[in-house]
Amino acid sequence: MLINIHCAKCVGIDAVPIVVEVDVATGIGIHLVGLADTAIKESLLRTITALQSMGFRIPGKKIVINLAPADMHKKGSGYDVPIALGIIAASRQREMPALGDYMIMGELGLDGTVRDVPGALPIAELAVDMGLKGCILPLKSAAEAIEYTGIQIYGIDTLDDAIRIVEGSPCDDLLAANRFQPLVADSDMDHSAAPDSGRSVYSDKLPAGGASSDAMDFSEIVGQEGAKRGLEIAAAGGHNAILIGSQGCGKSSLAKAMAGILPELSFQESIQTSKIYSVAGKGNPVGGLIRQRPFRAPHYSISIAALLGGGSDTIIPGEISLAHNGILFMDEFCEAPKKVLEVLRGPIEDRKVTISRLRNKVEYPSDFMLVAATNPCPCGYYGEGDRCTCSPSRRIAYLSKLSGPIMDRIDIQLWMHPIDPRKLVERRAAESSAEVARRVMKAREMQRDRFAGEGIFCNAAMNNRQIEKYCPLSPACKAVLERIIERMGLSARACSRIIKLARTIADLASVPEIRPEHIAEAAGYRFLDRQNIFE
């Protein structure tokens, strides 16, 4: 008897259909075909042991298991549950009339328990596209997809749970019957994206806003009003920023405080970010979509593969993709290997990264805000009177990692000086992150309305066509911009970024058009293009 079970494989942040075909016929042996990797080949022994521990028999016939399409390489342990259900159904030990209505994935333990698998959210999206009734996934994996609309999500703990669901048989026990209802979001989630009825999971949720509860507050950072203004603009428009200054002036603290002024993810952004984390096996630990904007802070010794993504078997997203729709903070920027810094050039400009291997080519989104922090020289005191002990050649060698192409892509360049001792001692109350966040949110709402239907969410993502459409310049603005370009010798890319930054400054001021003072302020944040600070 031939049995077909719907499964999936993740390629990038999308899932493609896989069909597990199981046939029991006259003969001897168990045969697994369909370009399966070692983990899937080992699943036969796991599956047989689990079935025997649950009281099922292994038919003394020829069992052929095919993973279709046969020309696509399959990896991972998520096909254990479909293979087990296929053997049970093909040997007629249980009748499963609803087996073809569901997308089923899960890893089996030897006692029949089901373990988590990555990629639940893309799998649920594929099931909707295929018109299936629902998904049957391990409980924690299923919890990632419970806010996805248009499909029933079942979370299972054991193989027996999956069997009861696809059997479609009634259950007299009220407690047991509740276990076989679709999962739904709790009351503090967005029920517009959840099924109408079913059981809920995970009562503890992440904060609803864009920041985590342990994010540093702007009011805790003394002084540095100029840097705060620059980071507010960066957060409002999704622009890249670099903080240069001596040690202890607050660079890292300000960068970490940015998490407290970012707006909450929109539903579309939340879906994108959650899919990346789901594929990476880092889904929301408390269920549902990820609502916080990511804040990734890798160490400066990170490798290129860890930054961009990769892997010998399965290509997983790297730090720049995990920071999608959020912040990639790189402290001690000039201490990182130059090759690592240079690979950021493409993803910053294209807002995506393509990872190519001999047999695989995967594209991940990487629309992140780069926030970098560095000292101006090896000793850290250049620009602070005569405290610097570095020679000009050492300073040039140190800051040469800030290459022209990299700095061309950084919109806001901030030089920070040590805090005035008087301000440090007085510690006057400063503006809180909540107050800054309200202005940022208002500016982002203007951009959301402006770019409705464009597929982008912030000013920094505009292309040349959108700049022409949404950033018209008056004759006075054009005259100011022309003088700035001539005096600073800016590239075409830097010119476009000044216009986008000026658009964000106008949004923060709730002004519909860009004015000359906005152009002048935007150009003022590119001081590294204006003068040689290395000598």
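Within β20, Ile 412 is the residue that bridges to Ala 241. This pairing belongs to a parallel arrangement in which strand β12 (residues 241-245) is joined to β20 by 5 bridges; two strands count as paired if DSSP finds at least two bridges between them. Strands (E, at least two residues) and helices (H or I, at least four) are DSSP runs, numbered from the N terminus. β20 itself, residues 412-416, is mostly covered, with 4 of its 5 residues buried. Buried here means under 20% relative accessible area, exposed means over 50%, and partly exposed lies in between (1.4 Å probe, protein chains only).

All of this comes from a predicted model, where local features need pLDDT of at least 70 and side-chain atom pairs count only at pLDDT 80 or more, while totals for chains, interfaces and linings use all residues. Residues are numbered from 1 along each chain as its sequence is written, and side-chain values use heavy atoms, with hydrogens and water left out.

On confidence, pLDDT (the predictor's confidence in each residue, from 0 to 100) averages 86 over the protein chain, and 90% of the residues reach 70 or more. Residues 187-213 stay under 50, and the model gives them 79 contacts beyond four places in sequence, a contact being heavy atoms within 4.5 Å. Residues 531-535 are also below 50, with 12 contacts beyond near neighbours in sequence. Where pLDDT is low, the predicted coordinates should not be read in detail.

Helix α15 (residues 392-399) buries Arg 395, Tyr 398 and Leu 399. These three sit on the same side of α15, because they cover an arc of only 85 degrees around the axis, taken from the directions from the helix axis to the C-beta atoms. What they pack against is β19 (369-374).

As for cysteines, the structure holds 0 disulfides, a disulfide being a pair of cysteine sulfur atoms within 2.5 Å. For Cys 388, the nearest cysteine sulfur is that of Cys 377, 3.8 Å away. Cys 388 is buried at 18% relative accessible area. Cys 495 is in no disulfide either, with the sulfur of Cys 471 nearest at 11 Å, and Cys 495 is buried too, at 16%.

Ala 68 and Pro 69 are joined by a cis peptide bond, with omega about 5 degrees; Pro 69 is in the loop between β4 (62-68) and α3 (80-90). Gln 224, not a glycine, has a positive phi of about 55 degrees. Gln 224 lies between β11 (199-200) and α8 (225-237) and is buried, at 14%.
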